[in-house]
Amino acid sequence: MSRKLIGPFTQILTMDHLPLKGPLQDEALQIISEGGIVVENGTIRKVGAFADLQKEADNAVLEEITEPLVCLPGFIDCHTHICYAGSRAGDYAMRVAGKSYLEIAKAGGGILESVRKTRAASQKELERRMSARCERLLSEGVTTCEVKSGYALNVEDELKMLRAIHVVNKKQAIDLVPTCLAAHMPPKDFVGSPSEYLQMIASQLLPQILSEGLAKRVDIFIEDSAFATEEARPYLMQAQEMGFALTLHVDQFTPGGSFLAVELAAASADHLEASTNREVQALANSDVIAVVLPGASLGLGYPFAPARKLLDHGAALAISTDWNPGSAPMGDLLMQAAVLGAAEKLTTAETLSGVTFRAAAALELTDRGVLTKGKIADFIGFPCEDYREILYQQGKLKPDLIWKAGETA
Ligand SMILES: [Zn+2]
């Protein structure tokens, strides 16, 4: 049994005692000045005043902090596509020359370009590329990251992607949460309708994923260029019956998909750039976490999702990068959350909640996202004396120290 006391931190933001849904004022943040954290076997045992913990925990090994550090829960990026090969710099050039996302997709670029390159890559190559991205994420304070398949769109290579995610999750310190997105879009080479493709995935891919233990979540892209609500519903219901949790790409360019996420009690509805008041209200009245993806707006030059409106209506708002080779190649969660917060007038408490415990809820993880007894000891220290410095510097202030399960990473 290894017990250690880490501190003193100038401030600890526990993100504890905050509601899952709705607006938040900074005054509601629990801030422990000159705080410490007692960690035992990778789990938080106690968070409190450093001086008190020092007296109590006399058999603990002291891991002393000698610089001003503001401590937060490790960030959670709850929506990414970081398992891919190749670059889409060509798409970018077309886009800034005036072609729309849908025009590029219809011309055979877009997602299908990544599909060609990811199918051609070996599992080892995918692992290597993903590992480098995981190392960068962890260095920027992301201790848990969701990763989707969806750049293969056939049984064999979707399995290759999920196996690569599985291997990298074992090797890297960061925790990865895998999701099957074989329903990213109908593949060009499948003979049959979109519904028949989804039936094939449900009967041939999902059972294999279960038997290998590769993912517990299923995602789909509901959009004009991908799948219609009526095509998605039977597939998602079948996945749910098999025991998969659901998450949906909805309302990115055209509204309406959110209603299916609510109807099926999905864990999260992601994108929402095109959500109208009707979708916002439906999400707010449900337990579905609203995940907004500022990186996709920045990448495409589109307006942000209505984050302020979602919160004001009472929704649970999480913020994620959507890191992917096409629309969101940046993958910097803190920078994107800070920029979204400035544009949408989110309080510091709302923005930080969106990348910690509310993002954990989007992944249905109850063991992280707050710093309190019993949670995984994932936390990060920023070199400043006031927590407001972090978003104020718009992502340029990075954490100096990162602890994953109590160990410095
Ligand atoms: Zn996405």
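Biologist: Are His79 and Asp322 buried or exposed?

Modeller: This is a predicted model, in which local features need pLDDT of at least 70 and side-chain atom pairs count only at pLDDT 80 or more, while totals for chains, interfaces and linings use all residues. Residues are numbered from 1 along each chain as its sequence is written, and side-chain values use heavy atoms, without hydrogens and water. With buried meaning under 20% relative accessible area, exposed over 50% and partly exposed in between (1.4 Å probe, protein chains only), His79 and Asp322 are both buried.

Biologist: Which residues coordinate the zinc ion?

Modeller: Donors are N, O and S atoms within 2.8 Å of the metal (3.2 Å for Na, K and Ca), with water not among the atoms, so sites may look incomplete. Here the distances run from 2.1 to 2.3 Å.

Biologist: How many residues apart are His79 and Asp322?

Modeller: Along the chain, the donors of the zinc ion are spaced as H-x1-H-x167-H-x72-D. His79 belongs to the loop between strand 6 (75-77) and helix 2 (89-96), and Asp322 to the loop between strand 13 (317-319) and helix 13 (333-344); helices (H or I, at least four residues) and strands (E, at least two) are DSSP runs, numbered from the N terminus. The pair thus links distant parts of the chain, with a separation in residues of 243.

Biologist: Why does Asp322 count as buried?

Modeller: Asp322 also has a positive phi near 60°, although it is not a glycine. Most residues other than glycine have a negative phi. Asp322 counts as buried because its relative accessibility is 2%.

Biologist: What is the relative accessible area of Asn41?

Modeller: Asn41 sits in the loop between strand 2 (31-40) and strand 3 (43-49). Its phi is positive, about 50°, and Asn41 is not a glycine. Asn41 is exposed, with a relative accessible area of 51%.

Biologist: Which residue's backbone nitrogen does the side chain of Gln11 reach?

Modeller: Gln11 lies in strand 1 (residues 3-13) and is buried, at 12% relative accessible area. Beyond its neighbours within four places in sequence, Gln11 has contacts (heavy atoms within 4.5 Å) that include Ile31, Leu69, Cys71 and Glu385. At 2.8 Å, its side chain reaches the backbone nitrogen of Tyr387.

Biologist: What is omega for the peptide bond from Gly7 to Pro8?

Modeller: Pro8 is placed in strand 1. Most peptide bonds are trans. The bond from Gly7 to Pro8 is cis, with omega near -5°.

Conventions. A polar contact is a pair of N or O atoms within 3.5 Å; within protein, one must be able to donate a hydrogen and the other to accept it, and residues adjacent in sequence count only if both atoms are side-chain atoms.
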